[in-house]
Each structure stands twice: as C-alpha cells, then as structure tokens.
Amino acid sequence: MSAWLRPRRLWLPGLTALAIAGVLALAAFRAARLEDNRLWSGWTMLSALAVLAAFNLRKRVPSLPVGGNALWLGWHVWLGLATIAVIHIHIGWRLPIGTFSWLLYSLYWSVVVTGLVGLALGRLLPPLLATIGGEIIYERIPERALALHAEAAAVVEDCAGTPGAETLKRHFVDRLDGELATPRRTWRLGAEAAIAARFAVLARAAGPALAAPVADLLAIVREKLLLDRHWLVQGVLKGWLFVHIPLAVLALIAAIYHAAIILAYHG
Amino acid sequence: MTPRAPSGGFTARWKAPFAAGMTESDVARVLGLPLFQRMDPVNFAVRAPLEGIVRNDCALRRLSAGQVLMRQGDLGSSAFLVVSGELRVSLRGILGDDHDYPDEELRPESPPGILGRIWRNLRPSPERVPRHLLAVPAGEAPVVSPHALVVYFQDLPVAARRDEEPPRLGPGTFFGEMSAIGRTPRSATVEAATDCEVVEIRAQGVRDLRVADPGLSGYIFDRYRETSLQRDHFRHSPLFSLLSSYAQDALRAAAVFETHSCFDWQSTYQTGQQDQRRAGDIAREPLICDHGQPAQWLYLVCSGFVRRCRVDGDGETTLGYLAKGALFGDDALLNHLDDRAREYSARLRALGHVELVRFPLDVVAELVAGNGKAIAWLRENRARRPASVAGVGADTLAPAAVDLLEALGTTRHYNGTSVMTIDLERCTRCDDCVRACSQTHNGQPRFVRHGPTSQGFLFPNACMHCMDPVCLVGCPTGAIARDDDGGQVVVNDQLCIGCSSCANTCPYDNIRMVERRHHGAEVLDPGGYPLLRAAKCDLCHNQPGGPACVSACPHDALSRDALPGLLDLARRREGA
Amino acid sequence: MARPQGNPFHHKVSSHEQPMQSRLRRLRGRVSLIAGALLLLVLGVAYRQGTGLVSEGPLHSKHAFIGDDCAVCHAPDDDPTHVRLDGKTTNCLRCHATMNAEPHGDRARTRRLTTASAQRPAQRLGFVAWANAQPGGRRDAHAEIACTACHQEHRGGADLTAVTTATCSACHRNVFPSFDHGHPELGDLPARRPRQVRFDHATHYGRHFDKMTEQFARLNTDQRATSSCTACHLAPEHPEHLTPVVKRAEIICMTCHDKDVPTTSFPLLTARGSAPSAFAQLVEQLNAAGRLKPLGKDDLFTLEGLRAVAGADLVAGIGSEDLALLKADRVKEIAQEAELPPGQWRAVKLADDEPAALNYRTVGPLHPQFGHRDPLVSGWLAWLSARDTEMRPAIAGTPAAGPWRDNVRRFLIDVGAIPFDPAKAATPRCSKCHYVGQESAGSGLGDFKRPADVPPAFMRTFSHFIHARSGLAQAGKPADCSSCHQVVKAAFDPAGHPLLDDRRRRLETHRHAGDWQHLGVATCTQCHRQGEVSQACTTCHQYHQ
C-alpha cells in the first residue's frame, strides 16, 4: 500500500477491528440460539448512519470543542467500514432480492465505495498538485485564465508593427485565443514538450526581434497549462463529494423509511 | 491619512506623563543617577529632551520588601532601573519546581468560555517555560548538562541555576528592556527583597533614550562587564568556568561589546517584498562575521537572536540560531591552538536587536593554552558536532526541515507565535478552514488561503500573532493590543477607527481593512468614504474550541505553531 | 487608506472570499435536496399503491398463489388487517397441518427429552452448546420454534426446506463435530425393521441360494437376476422403501420349504365323552372367566354355540350333522389323514386310539389362491391370539394361568402351527419360519404376527433407489447390494443389542447364526464425508414426521 494511503491514527483501525469482531460474535451467539439478529443489527446500522451523517453537522459548528474535523473524519471512515459487517449480519449474509431491499443495499455500497474513492483521492491528489506546481484558489482560476488571455492579447498588440508580429497575431488568433480564455478540465499529458516544440517553431517563425514577446507568451501558455491541471485536479477533489453526499442523503432517507416500515409492522 | 488633531498639542510627544506622582525632586534625583549622568542632553531632540523623557516617561516607584514589581508572564511595556535596595528574581515555576501561583486571579468568563476551559483542562498541556524566554543552547553552543541547567533571562541581566540562590538585582541594574521593546511577556517574577526604589521607564522612553544617546548602551555594557559577564556567563559557561579567575578578569577587561539594532526592520522587509524576495532579505541582516573569514574574535551572545548560516551558491542556508549565552568561534579557537588556519565555520547575521560580547581570539587562546581541561572541553565539544566545516550544519534537522527553516527565516516567519501553515501535500483545497473561520466570525473569514509557498507548505496571510507585533506601533486608540489571557493580538472593533496604521505596518499583509456595515448597508464618513475597520485573525480567542481553522481541517493539513513546531511538520512529512 | 497594490486582500470578491456562498456547495446542496425529495416521492407513491416496495423479495413458486396478500401469512385469522413483521406459525399450519410441527411427537415428550439432555452437561460441546447454556438460551422445550426460525420465505426460488446443520444444532446439541467424525454408530440397521419371519441371510445367501441359483433364475423374470438379492427382493424401484420389498413367499420360500408346510388336519372338537380338545378346554376356561356369553355344556356342539364363540367366518363349512354325530359320539368313519379333502370340515376318526373329532384339512402350501397360508388356520390363530391377549393378564398369577398356557399350546399343535415334538421336528410346520410358540414364559402363543415397527424417530426414509441408481454407480463402485450389505460370519448375539426390547431379544435368540453385517457409520462415510456427499444433519434426519 502506498505510504499515502496509510491510516493516520493507528488506534482507529484497531478499535474498528474490535468492534467488528464484537458484532460478529454477538451475531453468532444469537444465531446459535435461533434468536433474531435483524432488529439489533438494524438499529445499530441506523445509529451508525446517524453518527456518520453527523460529520456534516460537525463541520457547521467549528468552534465547539468536540474534537477536530480530522478526528471526526477518522471516525467517519472507520465507522463506515465497520458498518459493512453490521449490514451483512442484518441481511443474513445473502444478497437482497426485493426491490426496496436491493435499492437500499445498492445505495449503501455506492456510498461506501464513493467514500473510499474520495478518501483515496484526498490522499493521492494533493501530492499530485504539489508536483504540478503553483498554488491558486479554485474559484479564482477562471478569472486568472481571463487575465492570462488579456495579458497575451496585450503582448501581441504591443509588438504590432515589429516584423514577425503577424506571425504572433496569427498564432494568437488561431491557437491562443481559444486556448487561454477559459480553463479546461484536462491534464494534457506530454503537453510541456508539445508546448516547447510549438513555441520553438513560433520563435523561429517570428524572428529574433520578437524573442522576448514569444518568451512572454510561452510563460503565459505554461501558466495556462498549470491552471488547466489545477482546474482538473482541484475540480475532482471538490467534485467527488457531489456523488458521495447526494448518495448518502438518499441512503439515509431510504434507511429511515425502512426503519419506519419495520417499526410500523413490528410486534 | 492622518486624522486631524482634535486640539493643539496633539502632535506633542507627550499628552500625559507616565506617572502622575513624579515630583520635581524625583525628576532631579533620577537625572542625577549614573545612567542619566552619562547622557548628554544635547544629543536629544527638541521634541523629546532628556528631562522631558525623565519627567514624562519615567516613574519613581517605591517598593516595600516582598512587594512584586513585575510578574512572570505580564506583558512588558517598561524597563526598570534600580535606584536603591535589592530585588529578587523569583524562580518559581521557571525551573519546574512548583506550580502554585497563589496570586493568580480568576477572570470572569462567558459560559462557552467556561465550557471551553473545562474542556481544555481535561487534557492540560505540560508546563514549560516559553522558548523565547530561555536561552537554550543549541547547535554550536556548548551543551549544558541537565543537572546544571542554567536559565538565561532575555529581559534580565542575570542567569539562574536550579541549585543556587535566586539571583538579585542590585542598585544600578537596568533591566526589562527587551520585553518592553518587544512587548513580550516578562520572563520571571521580580519582587523586592528589601525596601527599594526603582525607576520605571516606559517603552517609548527607552526607545528614545537608546536612539538619541549612546549613553544607555554604554551603561548597559559597563554593567555587563562589571557584573553579568562574570556572574552569569563566565560562571556558567563550560569553557570559561574552567579558566582561572585571573584569566576571567583578563577576559572581562578585554571584552568588547557590540550591538546590532534593527528596530524597524519591517519597513525594509516590506520594500524588500517588492523586489526579489530571497536575494534581498538576508543580505539586509547585519553581518557579524563571515564564513571563512580569519577569526579575530570569540563571540558570546548577550541578548537577541543570531542567525548562523552558510553560503549556498548565491544565497545562504540557515543552519541554526544562537541565543543568549551561546558561544561562537570556539572551533576557530581550537584550530588556532592546534596551529591550523583559524577561520569562522559559518556566517553570523543579527536578527532584530542583538547584543554581543566579543573577546579577542589571541587573548583567549593565550589564556586557554595552558589549561588542559579547557582544551579537552574544546575538543569534546567539536567531537559532539559533525565534522564538516563546509557546513553540514543544521545537523539535527532533516533536509526538508532545513529548507523549511530557511524559507521561514527568509520570510521572517520566525517572528510568529502562531504561524498558519498548510501542508499542501495533505490539503485537499476543500476550504473547510476558511469556511469555519467565516462561520465563527459572522460570515467574514479572517484569512484567505493564499500566501507564500515553500517546500510544499503554504503560509496563508493569517495573522501570526508575532513575538514582536509591530502592528501595535502607531495605533492611535489602542484598539489593537494583546489579549490578557493568551497573548493573542486582537483588534477591538469598538475602538478601531479604521486608520489602517496596523494594516500598513504589518509586514506580512495579514491585516485587512473591511468596510463597516450597519444593518447591511455601508456607512460613509463626511468625506463620502466608507468607514473601515481592521480585520485580522484573532486565534478565536473567545471561542471554546480554539482556532476554528485548525479544528476544521479534516486532514490535519493546517497547523498553527511557532517556528520549532513548524519544523515538526517537515519531519512528519519525512516520516510519511 | 491606500493599500499597496498586489495585496491579495484587495477587495476581490470571488466566491472564495465568501465561502458560505460557494456556488459549488450550494449546487451540491440542491442536488441532494432534489434527489432526496424525489426518492421520498417515489417511496411514498409505492407505499400507497401496495406492498411492492416493502416486500423483502418474491415468494417461492410453491407459494406464488398467495400473490400480494400479506395477511395470509402475516396476519392473525381474526384480524387480517393487522399485518405483522414475521410470518406466523399458526398461519403456516393452516395448510401444512399434516406436518407435525412438534418434532418428538408431543410436547410432553419433547420436554422430557430436552430436559434430560439439558441435564447432561458432560455432553455439551462447542460454541452452540455454550451459547445456549447462557441465560435465555434454548434449554427446554418451552421456547417454541417458529416455522420462520428455520424456513425463510421471500427469497425467490431458494429452497424453502434447506436447513443448515447449525440450525439443527441450536437445539440438538452435537456431541460430535461432524458425521464423519464421531457420529454414534447406527445400530443394527438391517434389523431395525423387525421381520415377520425368522430368517437369516447368512445361511441362505451364502449357502442355499448358490445351489438353487439356476432354479431361481428360471423362476425370476427379472433380467438382473445375477444378484442373489433380487432372487428374493424386488429391485429397489420405489424410493420410499427402506427395505426392498420381498417377493411373494410362494415364489421364493416355498420353492424349498414347501415340505415344511404340509397339509394338516385341525381337530377342533372331539366327540362328547372323549377327552376334550384344546379348543373345548380353552372355551371352558373362557367361560369360567366370564369372557364368553354363558355356554351350556353342549352348546359347542351346535353351530350357534360355535358361532357365538368364534364368529361365523371361522365356523363356516361346519355341518350340523357332523356336530350331531360328535355330540352323540356316533362318529364311525375312519379315514387316513391324507384322505380328507383339503379345505373342508369332517367329523372322522383318524385312528383307532384317537377320539373322533371335527377335523379341518388345511390347504396345501402351493394353493393357487392362498399359497402356503390357509385362511382358516390364519383366522383361528388370530382368534386364539385375541383370546390369549385378553386372558393372560387377567389370570396372571392365578392357578388358571398354567392350564391356560398349556391349552394354548395344545391348540397350536392341533392347528398345526407347531409340531407335537419340536425336538423331532421333521415337519416343523409354521413355527419353522414364524414366531409361533417360541416363548418359554408368558404367553404360549409367542409372536406370530409381525411386531410393531420401532418408531424411526428422526429417521428420514433411506432410499435404495437413489443409492443404487446414482450414488454408488457414480462413485465407480458397482451398484450392487453387496456394496453396503455384507454378511457377517460371527454369531449374532441379540442379548447385547441396544435396540431390541426384551421380548424381541427373547425371540431373536432363535435366529440362525449370522445375518447382515450391521450397517455402520463407516459404511456411509465412504461417501458422506467432508468434501464429498453432503453430511449435513438434514441429509438423513428429518424434523417433521
């Protein structure tokens, strides 16, 4: 396992393992006595889901001394993993086939999987951002891209009249105009070399007199590349929650509905 | 924009004297003290004459035995000169012996504050003396055995040892200047051992005295030479204590004092910000001695901090810092004794206000030459350090930490007691920190997740609650001040008139002027300009949970700490 | 008021500066809200429309006829709207009433058995036993087991009857880890089903049949006559039969034993004045005991009297003239026994020194309709057995017991069931094969009828069919009876048999040396073991009777 994916609080996985062992033992104990496991495991699941959902609430009251978000995230992840055992005890270690049961089960797993994916993204993408270089706030990227476009336009305009300026202007109109104005969610593997090659050609075409403007444009295009990559990676870092949270809301609603039905018909 | 004066005389140096009860005879008496006798009134500005300083910035205090003059932890704002009697430096709590402070008063707190305090008290952090009050020898300085732990006080010209009597401050002692100028907490409690008289000089007065006349410096140095050098440094130094008293006397006589002052370094720093950041800054720090330079002196740090660095291509890498009591040049001394080339093994630069004592190396060599124990100690000391003179240096720090240290030194972040650092290799850019700050401050975040980066760490523009909060300088209403409780620098919205002095002064752009709103609408002054107020991080000083940004980060990426703690971040990453 | 340019704070109003109004977060919140609202809507509509979304899954095809009517299983009869979570046992039994829900036959017996086993702590092993030993565990029969504890519906086509070993062991403590490790010996399987005839396979299978194979081959139409088993047993066609059905005795046994069942004459009544027959004496004892309608001295010499004693069927064919002759003691006819017509009553004198008697000549062993079994003889034996069953307990310990026993024995001799002198049994008659007159104590009748089966508690019907046709053949072994059944050479000692009761043990003493080897666990574990054929409890044992 990559060093980046290691647990940061080692006592949490230990505690989770203990909890899983405990619920499994309880389930086996009760099964040996032909006692029903569904009720207690169902309530445990619902309580666990409530605690997991409370993470979102915790974020809304940052000044309360109830433990930092890092600790809460740790609990969130490991409690979520522990619920895998509980839900399977609840459904009797068989895949559900009823419509609603299947829906609830699928929602549950989709939340777990997206959560794990998000966790991995949160661990692996920040170092990637560090390799990209530069640091810019996500919401400022579009305006920065616009500014770069304006800068490039200004560079091109400033050298109007100089021999070779037409080449630059054409290049701007053909390529840079479309490339620079808006950020794009793309990595563009190998773009550094492509850009360098392109500008080498451009520099030759524009002539030695325009070496400085070409260099300026190159710097602008390079920065745009960084912007695009930031736009992509930071967008992913922000975007995965768009999947996880709505699914979690659905799962919670379905779980509460399920509990309501059970309570209505119980006894 | 300078506010218009409400009445004539506003621009005068003093509006009201420091002490109302300063009579003419008191003034005359003070002027007659040796310290003031050394000063030449001619050197003083018309606006702030010597007599005026004495009259308006000094106060003659009379204390009876047992009365406390200053308490450890109080924020300093004045220096003292002992006229008669003796004061005792109380060591309670400093050397970790006992923890009862019967004088500690209970402060009223709001219910959330009480809850917060209860919560904090569940896990009390271990008691320890703040680092900046201790001259902890590190790096080049000799390592003191823990049994002989010596405490050097930054703002007192004494040193203390656990197994000795508490040090005394006798007539003529001048002390408390460092914490007055830096507005840092007092390093010890000083109480009257006998009935005594003390002249208290407030910080503005001390500054004027220093700037105008060399007399204060000269006085301090003479005092140092007479008493502190022998009593505090020679006695406790592992090198000098091995010398005979004759040798020590000779050294005292030969000692030369050196001061490097840079009280307004922040303005040069700011202008430096406009240029290339790295090249200019360190070069602006006064050079004490250079790497490879033929060593003429053996340096002893008396106050302040000295940066020890090595040349690294075009720039410099910081290897460490020397503090009060540290020695530099002993390596060159040993080389000289071994008949090898004696050169300084590193470059020294002064940070802020530094006072040094330097001894001629030849003299020291002569005095040490016949002393086997001293030479043995020199050799032992060198053996404890890694060999390379070319400067492996910073031997206790991992490479990442060294670079980080370098970066922080460059950006003067060593000044901060609560530097916000975001580990960019952990940060997912979720902005929970900014959101939490905003939620805690009525929707107005007190920082932006933007700032200088280095080694994969981001240092956002968030108030660092500096050791030397220059933002306090110039505030006309005292709206920006240190919080009594924790020492955070806090803006009192009620008193702020939006003059931007603090924002302009802050060298790190950490204070921001925001528009005042009244029920959502802008408020304009008669000139049509919106009224502003200063907004900056207040470390959530009135919140039970501590800084919201720290507790809001889900990935432990954001931390707030002073310099040594920040290096732990780099170590953490190394170990990841 | 002027701030230097380049100040990152210089009034840039990006959403980052106002993080509470972050566009992305608001969007995310709205997506969640809308998705949640949609889901609630869908769930609400589905709930109102029926149970489609509430059911855990489709019913088994055998219950498909129930459709969507949850109340059939989930609501009590008196309140169909009160649908509850778990199916009710009473509802199951509405259709499955023939299935005995109480495994041991009745509650009292269950309580006795489970309490007894609960008091044997030494037999408790394993986690299941430990778990049930804790407070609230299953230690007695008071905890009713609902049908749903073992049978889960709403799992589509999944087998409803599949019950795991673990479920069984919640109550039935396994004192052994698995079938192939420590299951107790099965006992004398082939002998569990007591036989109607005294027959041992050792002598017949090993000795006699070899000689007669050719003859049997002629007699058997079954093409698979190579196995001697099928000489007597029908090839196992019917999967319900534990023991293969024996072919008709007339086909098999009488081929050799016809001489053991010769015709005989049965003297029912002797002439008046001569020594009374065994029947007469029995009737007298019955009369004295008040078991009969009072009979006069000569009532036996009348048809009415005989009918009153034995019923019309048994005395049909008796002529009144014969009775009159007997009564008057004027029977003159002397005939050889062999001359008497079979199946008829005749009052004759068979020898000079013998009294005249009303004789019945039995039909022979190869009668085309009755085979070796004369129905009248069977009838009279049944009459005797009934009278014996009545009288014996009533007169036990009294002076009448001895004479009654003797008379019964004489009647058996008279009817030809047992020879006069067993030691010299040239014609051993019925008792050669049937348990007649074997007991030395108690009843003189002995066991003539097939004894009642030992209730096969928990024993699922073993299927020869499955084993012969598929199991053994597939395992590469010859599908032959001898694959599992071996004739043992050592003598069978009924005394040590755990399953036979005392009476059976006494009878079995006469069994010939050797019979089928006890089928033990080792026979079965050739295939029923870990990794091969299933060795779960429910493979052999069944819960429902």
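**Exercise 1.** Work out how many of the 27 residues of H1(C) are buried.

*Solution.* Start with the cut-off: a residue is buried if 20 or more other C-beta atoms, placed from the backbone, lie within 10 Å of its own. Now count along H1(C): one residue passes, so this helix is hardly covered. Helices here are DSSP runs of H or I with at least four residues, strands are E runs of at least two, and both are numbered from the N terminus.

A note before going on: this is a predicted model, where local features need pLDDT of at least 70, side-chain atom pairs count only at 80 or more, and totals for chains, interfaces and linings use all residues. Residues are numbered from 1 along each chain as its sequence is written, with chains lettered from A and ligands numbered from 1 in the order written.

**Exercise 2.** Check the span of helix H1 (residues 23-49) of chain C against its 27 residues.

*Solution.* Take 1.5 Å times one less than the number of residues.

**Exercise 3.** Describe the side of chain A that touches chain C.

*Solution.* Next, find the elements: H1 (11-32), H4 (99-132) and H8 (211-265) of chain A each supply at least two residues. H8(A) gives the largest share, 13 residues.

**Exercise 4.** Find what percentage of chain B's 576 residues is buried.

*Solution.* Apply the cut-off from Exercise 1 to chain B: 48% count as buried. This chain holds 18 helices and 26 strands.

Conventions: Two residues are in contact if their C-beta atoms, placed from the backbone, lie within 7 Å. A residue is buried if 20 or more other C-beta atoms lie within 10 Å of its own, exposed if 12 or fewer, and partly exposed in between; C-beta atoms are placed from the backbone.
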